[in-house]
Amino acid sequence: MLENLQLGFETAVSPDNLLWCFIGVLLGTVIGMLPGLGSATGVAILLPVTLGMEPVTALIMLAGIYYGSQYGASISSILISTPGDSSSVVLTLDGYQMARKGRAGAALAISAMSSFFAAIISLIGLIALAAPVAAFALRFGPPENLAIILLGLATIVSFAGENMLRGIIMAAVGLLISMIGVASGFATARFTFGSINLLSGLGFIAVLIGLFAIGEVLHQIHRGGEKPIKAGFKDLIVTKSELRRSFMPAARGTGLGFALGVLPGAGATLASFMSYGVEKSFSKFRKEIGQGAPEGVAAPEASNNAAANASFIPTLSLGIPGSGTTAILLGAFIIFGVQPGPLLFEQQPALVWGLLVSFFIGNLFLIVLNLPLAPVFAQILRLPYSYLYPIILFISLIGAFAIGNNTFALWVVLVAGVLGYFMKRFDFPAAPLVLGLVLGPLLEKYLVQTSSLGQGSWSIMFSSPIASVFTTGAILALIGPPVAGIIRRMRNSKKSGRTDKTRV
């Protein structure tokens, strides 16, 4: 292990590799900040630029774009409630609320430090556990994956707020929207109304941009706009109390993100939603989460980055992409004549370990870039909103057009924006809708496969210990809070009855 790390360090610190690592994380940060691009698009666009490089140098740069975009996407989510990537959606819940309270710099700093903490811990796990963890992940078949997706959907209880029915309705709407297009495993078109543009479904990022960016702008205009934030420099710095409150959520988010990131297809988006749900259910400050609590920033941001790093375990060890972006990176490996799999660590140790060590160096670059600049980024909110809103609209529409390369994506953004406006006005939570939209295709895919394996019998969900644990967890997560609420009300009514008797 030490010899491999030494070899990787010697490879990663060469002048060319250091330079391209820095360029990769810088480009990734910028790409992440732009709504609609995201890590997968950024890597795909810049892949041709690397074709003349040495394989290890090219892969170091492309990987830097991947985890750099995780940082950048957080910036736009916190400052303007516009997720740069699907995995940063949850940050709009508490990060943007912190920004509205004049704590934008603190939110950005907590985000950067949580990302760095998760990156370092998950990279240690990646280096030490790549082979055994990847072998364990192979034990997950369709029933196990379906159970995880159901557990993820059960977290709508955490996002529903006081009205659980509204959360369930929004999750159902998200699932229905995700079904637009050709059915998974079949050739049947659904809800397309004869439109060619709908055959591939609604663009996920376009819907997100509309719901959060356009919806927020319309909502603020309806309210008459707000005055720009006039926070002093001290208000932009993270406090000791916020740091203390952020540490354990970041640690829990790192563990959960690493565990889910190893599973092919689970990805950072599910990890960020589930870690937020854990804090919302079990944190000491759960009543503050959703109103601008540091826990609501630290936990999903840590899980997001841990999952991104953990997704390299199946990619490198098994040749199975752990996420959409690593699928593109897998293609880059093959283009450069490198075949990921069990023999990769033995056949090309300099490339593998140089790439892994570059993750540490790249994250050092990111923390040096992002932490001092957090108060500077926060100054964006001091702009008069008459200037800021047109900029948000322009960037959002450009990002949407860049995804679909047609005007239909613009219409999707605008319709989703109107929907987002009415949801904010009538207090319908957006997070359950996004969760349903993200997990819908995966749910359908694994449901079809599991149903086929079990010949229509649901008993297959309890056919293995792993599937049984996750299925039971999903059931308890969904029915637990309502049952607990009923028991609590019964106890309170008994106590009030005893009090009345005592008074008499």
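Predicted model: local features only at pLDDT ≥ 70, side-chain atom pairs only at ≥ 80, totals over all residues.
**Entry 1: α4 against α13**

I started with helix α4 (residues 55–80) and helix α13 (residues 295–310). Their axes come within 10 Å and cross at roughly 165°. Anything over 145 degrees counts as roughly antiparallel, so that is how I logged α4 and α13 relative to each other. I also noted the hand of the crossing: α4 passes α13 in a right-handed way.

Which residues meet there? From α4 I listed Tyr66, Tyr67, Gln70, Tyr71 and Ser74. Across from them, α13 brings Glu301, Asn304, Asn305 and Ala308. Sorted by type, the residues of this contact come out as four nonpolar, four polar and one charged.

Next I went to the loop between β2 (189–190) and α10 (204–222), where phenylalanine 191 sits. I flagged phenylalanine 191 for its backbone: phi is positive, about 55°, although the residue is not a glycine. I jotted down the background that most residues other than glycine have a negative phi.

I logged threonine 192 as buried, because its relative accessibility is 9% and the cut-off for buried is under 20%. Leaving out residues up to four places away in sequence, I found threonine 192 touching Gly181, Leu198 and Leu199.

**Entry 2: α7, length and cover**

I checked the length of helix α7 (residues 142–154) with a quick sum. With 13 residues at 1.5 Å a residue, α7 should span 18 Å, and its end C-alpha atoms are 18 Å apart, so the two agree. The sum works because the expected span uses one less than the number of residues.

Then I looked at cover. I count α7 as mostly covered, with 11 of its 13 residues buried. The buried list includes Leu146, Ile148, Ile149, Leu151 and Leu153. Glu144 and Asn145 are on that list too.

**Entry 3: α5 and the glycine after it**

Last came helix α5 (residues 91–100). Eight of its 10 residues are buried, so I wrote α5 down as largely enclosed by the rest of the structure. Among the buried residues of α5 I have Leu91, Tyr96 and Met98, along with Asp94 and Arg100.

What follows α5? I found glycine 102 there, with a positive phi near 85°.

Definitions and conventions: Residues numbered from 1 in each chain as written. Heavy atoms only, no water. Axes fitted to C-alpha atoms, helices over the stretch in contact; angles between N-to-C directions. Helix = DSSP H or I, 4+ residues; strand = E, 2+ residues; numbered from the N terminus. Parallel < 35°, antiparallel > 145°, perpendicular 65-115°, else oblique. Left-handed = near helix turned anticlockwise from the far one by under 90°. Contact = heavy atoms within 4.5 Å. Nonpolar A, V, L, I, M, F, W, Y, C, P; charged D, E, K, R; others polar. Buried < 20%, exposed > 50% of the residue type's maximum accessible area, 1.4 Å probe, protein only.
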